[in-house]
Amino acid sequence: MTAVDTSIAVDRPRSALVHFVRRNVWTLGLVGILVVLLVITKIIQPNYGPPAIQGLAISVLPLAFAAVAQTCAVLSKGIDLSVGSMMAFTSVAAAAMMDNRSESFAILVVVGVLVMGLIIGAVNGALVVFTRVPDIVVTLAMLFVWAGAALLVLQRPGGGSADWLSGLTSGHVFTQWVPKAAVVLLLVIAAVWIPIRRSRLGLSLYAVGSDSLAAFRSGVSVGRTKIFSYMLAGLFSALAGLSLTASTGIGTPVPGPYTLMSVAAVVLGGVSLAGGRGGVFGPVVAVVILSLLRTDMTFLNVNTNLATVAQGVILVGVVMVGSLIQLRRQQ
Amino acid sequence: MSGVSNAQASGRPRWTTASGIRALIRERPIVPLLGLLAILVLVSELIRPGIVTPNWAGVMIRAAVPLAILAGCQTITMLTAGIDLSVGAVASMSGFLVATIVGDTGLAIAIIIALVISGLVGLVNGIGAGVFKVHPLIMTLAMSLVVLGLANVWQLERVQTGSGVPGEFRDLGANMIVQGIPVNLLLFIPLALLIIFTLNRTGFGRLLYAIGDNPIASRLSGAKSWQVLTVLYVLSGMLAGIAGFLLSGLTNTASVTLADSALLPSVAAAVIGGTSIFGGRGTYTGTIVGALILTVISSILSSLGYPEAVRQILFGLMIVFVAAAYTRITTD
């Protein structure tokens, strides 16, 4: 009896540690790949410097937020196919309201759009929970709804962006090598994610994702947690929409390829589609890698369409290797 | 259950009670779906009296057929709890490919090449989903990126003049035999019968339902799921290729993004037709009616003069509503 007790006592912290290391190994590995890729970039394009890095950071911003949005939904074992449409909706809403208005009014608009993101996310979540229709079907349908709503706000690309908002993403901080957009990205994600991760809600998010029945029996309100995860997805989609408006200066009512790319980034970022495993920083690094890869292919004069092919192949390759490892472990 | 027997005991037809209706919908989802379709046709007539003619019906069917084929890909893959998100890219690619090479190779060879490539894409999907156990959503999504990228590369290699869509495809996709009967039914009816026969009457069809319903039980009873899934996704890819021929003929355009907008409606048609995204439940007849329902709904919305925006919103809400009603009825 005592022997059993000690073995559990010894085993538990170690397995927790192993689990922790394994989860971070993926993200650290991605960072390693990114560094290698940056070195390669510098070799093939010796001119690659601060302006290019700033450009990379700005272009990455919307997709990075979209990837975080998708992560929030996937962690609770959902999936949000409406991320791209929510981005279009929030982006045109922001652009339409900020057009020809004062700089200070834009602050109100930004806050309003973020609240709007929470609300449309809550609508998605509530529909998933109360209709008991699979997540993928509900968010597929809401993809049409939010895209339609975006077209109601603006029929064609237009509107405007406040100067301070655009200024927030361009330029650099301290040294030339630290793009402002990257700092904004990390600060915003950290400010929202870290408190949640450490709170009861964050824990129940992971609990519902890994085993909703077990979570329910230990007193977690599954429905409320799912709605919360979709609200987070809505919030980050709104941030992605705002960064679209900030970087282009206008709002475009047609959803870009962000939904599918966000799913790809989530998988590459080490988040399990089965829910409950992974974090938000892996997908962000994955987004940067994917877009740096595209840049490199342009430098090498490779047809950029082959970059799309490469992204698909990488996605398949990573997932196949991942599931092979898992199959091995099960045997 | 007790409601049904009560109704029968009191001598009333079983569909007059609420639980009897539920049982009817659960066992024969095609009946309420046809009812919904009839109501929608009636609504079309009420909104614009005189619009429902054989010609109108023909136009509806002509538009629904490519959608129904793509939704067929979703139906057969969803039966095994999968999904095929590469059908949009594959259908566009096959239509585009034929239009660009038909001048050099002749129609028959061009069709064969396009179908072989569509099948190869499906083969990769099937190996990924079956052998490597990659989630079909991810696998087919990634393959759609690969196909789109390669099609774009091909587009830059090949600059073709005009639309390039062969005249035979235009006849097949856009013409009518007589008023109300589009030519594409000549292709679709045998195809649909083949799918329905395969699902209901062959061992392969049973295996699809079995794997989707309970993968562990089917494995223990000797089904080799990787073989079944590989064949399944090859078939799905080839169906998408065929849909691409019809779509390029219908619109007389060949573009690498032609069928992208049909991807999500194809999933919606299968869901509305009663196919469960969790596998093991669904029929192709339901899906065909689902595709007709979606086509009539979008025609009603456009004849009401609603802008595209309102149409999309109503379209989305309707999918949620129908799916919710289904879930409620079939799980109680």
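In which hand does α4(B) pass α12(B), left or right? Before the answer, a word on what is being looked at. This is a predicted model, in which local features need pLDDT of at least 70 and side-chain atom pairs count only at pLDDT 80 or more, while totals for chains, interfaces and linings use all residues. Residues are numbered from 1 along each chain as its sequence is written, and chains are lettered from A and ligands numbered from 1 in the order in which they are written.

Chain A is built from 13 helices and zero strands (DSSP runs numbered from the N terminus, with H or I over at least four residues for helices and E over at least two for strands). The C-alpha trace of chain A spans about 75 × 50 × 35 Å along its principal axes. Some 47% of the residues of chain A count as buried (20 or more other C-beta atoms within 10 Å of a residue's own, with C-beta atoms placed from the backbone).

Chain B has 15 helices and two strands.

Now back to the opening pair: α4(B) passes α12(B) in a left-handed crossing (the near helix is turned anticlockwise from the far one by less than a right angle). The axes of α4 (residues 54-79) and α12 (residues 225-251) of chain B come within 9 Å and cross at roughly 170 degrees (axes are lines fitted to C-alpha atoms over the stretch in contact, and angles run from 0 to 180 degrees between N-to-C directions). The two helices are therefore roughly antiparallel (an angle over 145 degrees). Residues in contact here (C-beta atoms, placed from the backbone, within 7 Å) include R62(B), V65(B) and P66(B) in α4(B), and L232(B), Y233(B) and L235(B) in α12(B).

As for the two chains together, 37 residues of chain B are in contact with 39 residues of chain A. On the chain B side, α7 (136-157), α13 (260-272) and α15 (308-331) are the elements that give two or more residues.

How values were computed:
Angles under 35 degrees count as roughly parallel, over 145 as roughly antiparallel, 65 to 115 as roughly perpendicular and the rest as oblique. A residue is buried if 20 or more other C-beta atoms lie within 10 Å of its own, exposed if 12 or fewer, and partly exposed in between; C-beta atoms are placed from the backbone.
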